[in-house]
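Please go through this model with me and say what lies behind each label used for it.

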Amino acid sequence: MSQINSLREQIKPYQEALYHHPINSYIKSHTELAVFMQHHVFAVWDFMSLVKKLQAELTCVSQPWVPKGSADVRFLINEIVLGEESDVDQHGVVISHFELYLRAMKELSIEPSPILSNLLQAQSLVEILQKIANTSLAPSIKQFLKFTFESIANRPIEEIAAIFTFGREDLIPGMFQLIVDQLKQDSPDQVETLVYYLERHIEVDGDHHSQLAYRMMEELCGDDADKWQRAANAAIDSLKVRKVLWDGVVGA
């Protein structure tokens, strides 16, 4: 774990900037919640493309099937895909986390940008990048999405794995806590799906997945110092662009 610990030391200042970001005390009413969710839904969506890129590169998704790479890494990726793409809702119905998030928004009468539907129709990385560039989305959202899909298109797999491992949304549940507690009192039915989503986020993306992701990084980087440094740089880039997204929320 020495390489992991070294990487974590390098990215610590950028994580601290997120820990102390004004967004952590931003959501005080339904108005701020709506702004946040209308921005954050793009991160919920594009996260799955990162996962799918890892699945495509680190497991066998072609025919005929052959064992590919480390069984531990395959386990990690397939478990995450299962949890993100086909989890269950609070009623036991199979649903993706993205669709669950959209349902939470609907219950709260928060409309996602119609641009999201347009982006979902893209058929390739080239097309999605063109669509992102040509939309009227807030610059912070455009920069965030551009970073994700350019990384998927151009970066080596250890860098994409680092973006996934260290640029995830561990702080998100705490941001919602004050408004969720209030909505539980005022409109419990309105917040049911959001509360469930946050609880599943904590449960599914908790320490277990973090440890597996660290093992994935060790498998991909091995003893190659150059790979570890590039992974650290990619993680820093992902944390910087996350801050840009959150700056856009607070400044909206």
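Q: What makes residues count as being in contact with Arg74, leaving aside its neighbours within four places in sequence?
A: Contact means heavy atoms within 4.5 Å. By that rule Arg74 is in contact with Leu58, Thr59, Pro67, Lys68 and Gly69. Arg74 is found in helix H3 (residues 71–85); helices are DSSP runs (H or I) of at least four residues, strands are E runs of at least two, and both are numbered from the N terminus.

Q: What kind of model is this, and which residues and atoms are used?
A: This is a predicted model, in which local features need pLDDT of at least 70 and side-chain atom pairs count only at pLDDT 80 or more, while totals for chains, interfaces and linings use all residues. Residues are numbered from 1 along each chain as its sequence is written, and side-chain values use heavy atoms, with hydrogens and water left out.

Q: How do you know whether helix H2 is roughly parallel or antiparallel to helix H4?
A: Helix H2 (residues 30–58) and helix H4 (residues 97–107) pack at about 170 degrees, with axes 10 Å apart. Axes are lines fitted to C-alpha atoms, for helices over the stretch in contact, and angles run from 0 to 180 degrees between N-to-C directions. Angles under 35 degrees count as roughly parallel, over 145 as roughly antiparallel, 65 to 115 as roughly perpendicular and the rest as oblique. Therefore H2 is roughly antiparallel to H4.

Q: Which residues make that contact?
A: H2 supplies Phe36, Met37, Gln38, His40, Val41, Val44 and Trp45, and H4 supplies His97, Phe98, Tyr101, Leu102, Ala104 and Met105. They divide into 10 nonpolar, 3 polar and no charged. Here Ala, Val, Leu, Ile, Met, Phe, Trp, Tyr, Cys and Pro count as nonpolar, Asp, Glu, Lys and Arg as charged, and the others, Gly among them, as polar.

Q: Why is the aromatic pair of Phe166 and Tyr214 called stacked?
A: Rings of Phe, Tyr and Trp (its six-membered ring) pair if their centres lie within 6.5 Å; planes under 30 degrees apart count as stacked, over 60 as edge-to-face and the rest as tilted. Phe166 and Tyr214 are 5.9 Å centre to centre, with 20 degrees between the planes. Phe166 is in helix H8 (residues 157–166) and Tyr214 in helix H11 (residues 207–221), 48 residues apart. Both are buried (under 20% relative accessible area; exposed is over 50%, partly exposed in between; 1.4 Å probe, protein chains only).
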